[in-house]
Amino acid sequence: MTIIEKVRKERILKPSNLLLALMLMFAACDDVRLHTFHELQGEWAATDTLRYEYFNPTKDTDFAVELQLRCASSYPVRELWLRVECASAGRHSVDTLCCEIFDSLGRQQGPGVGLLHQTSHDAGLHFMQPDDTARIKVTHLMDGPVKGVADVGIKVCGRGRRLSSGN
């Protein structure tokens, strides 16, 4: 059994994990439109692209995107470099994120239970038309497969900016 499998088994059985999950769910953004994770099975191959979609049924046009990582203490390096691509209605953006997993003293970042910690990383502000779908792709930019990352999630939050009535 890998360390991530052990952590998954532990976190399901502990009641304190429910409290942590609730705290993380309500933190940072009060207008969550999408919050979902891809579970990685053992390792993240360099050729694997994680895909997320968000349909915008509102008149809002302005959305904040946050990337969330759940990493085990066995993650082998300090940072994880990611490429985040967002496309919708003729708009396309590509960002490179450097996600700090451990600080300069080797302490794992983010809240966590046991050996698994969650970090959040700003992936920018994105604009969408009403009734449009944003397609978000995440790939890692590390050499070879990445081990020690259990889940990669995306959180889309409304920012309150709306189209004027004339548009």
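Q: Is Asp60 buried or exposed, and what is its relative accessibility?
A: Let's start with the scale: buried means under 20% relative accessible area, exposed means over 50%, and partly exposed lies in between, using a 1.4 Å probe and protein chains only. Asp60 has 0% relative accessibility and so counts as buried. Please keep in mind that this is a predicted model, where local features need pLDDT of at least 70, side-chain atom pairs count only at pLDDT 80 or more, and totals for chains, interfaces and linings use all residues. Residues are numbered from 1 along each chain as its sequence is written, and side-chain values use heavy atoms, with hydrogens and water left out.

Q: Which residue forms a salt bridge with Asp60?
A: A salt bridge here is a side-chain nitrogen of Lys or Arg within 4 Å of a carboxyl oxygen of Asp or Glu. For Asp60 the partner is Arg33, and the closest N and O atoms are 2.4 Å apart. This pair links distant parts of the chain, 27 residues apart: Arg33 sits in strand S1 (residues 32–39), while Asp60 is in the loop between strand S3 (50–56) and strand S4 (62–72). Strands (E, at least two residues) and helices (H or I, at least four) are DSSP runs, numbered from the N terminus. Arg33 itself is partly exposed, at a relative accessible area of 22%.

Q: How many salt bridges does the structure hold?
A: There are 8. Another of them joins Arg70 to Asp151, with 3.7 Å between the closest N and O atoms. Again the pair links distant parts of the chain, as Arg70 lies in strand S4 and Asp151 in strand S11 (residues 149–158), 81 residues apart. Asp151 is buried at 3%, whereas Arg70 is partly exposed at 21%. Glu85 and Arg83 also meet in a salt bridge (2.9 Å, N to O). Salt bridges with shared partners join Asp31, Arg33 and Asp60 into one network.

Q: What is the volume of the largest cavity, and which residues line it?
A: Rolling a probe the size of a water molecule over the atoms shows where empty space is left. On a 1 Å grid over the protein atoms alone, a cavity is a set of points where a 1.4 Å probe fits but cannot get out, and lining residues have an atom within 4 Å of a point. The largest cavity has a volume of about 40 Å³. Its lining includes Tyr54, Phe63, Val65, His126 and Ile136. Strands S4 and S9 (132–140) are the elements that give two or more residues to this lining.

Conventions. 1 Å grid on protein atoms, 1.4 Å probe; cavity = no way out; pocket = protein on both sides within 12 Å on 5 of 7 lines; lining within 4 Å. Points joined across faces, edges and corners; volume = space filled by probe spheres on them.
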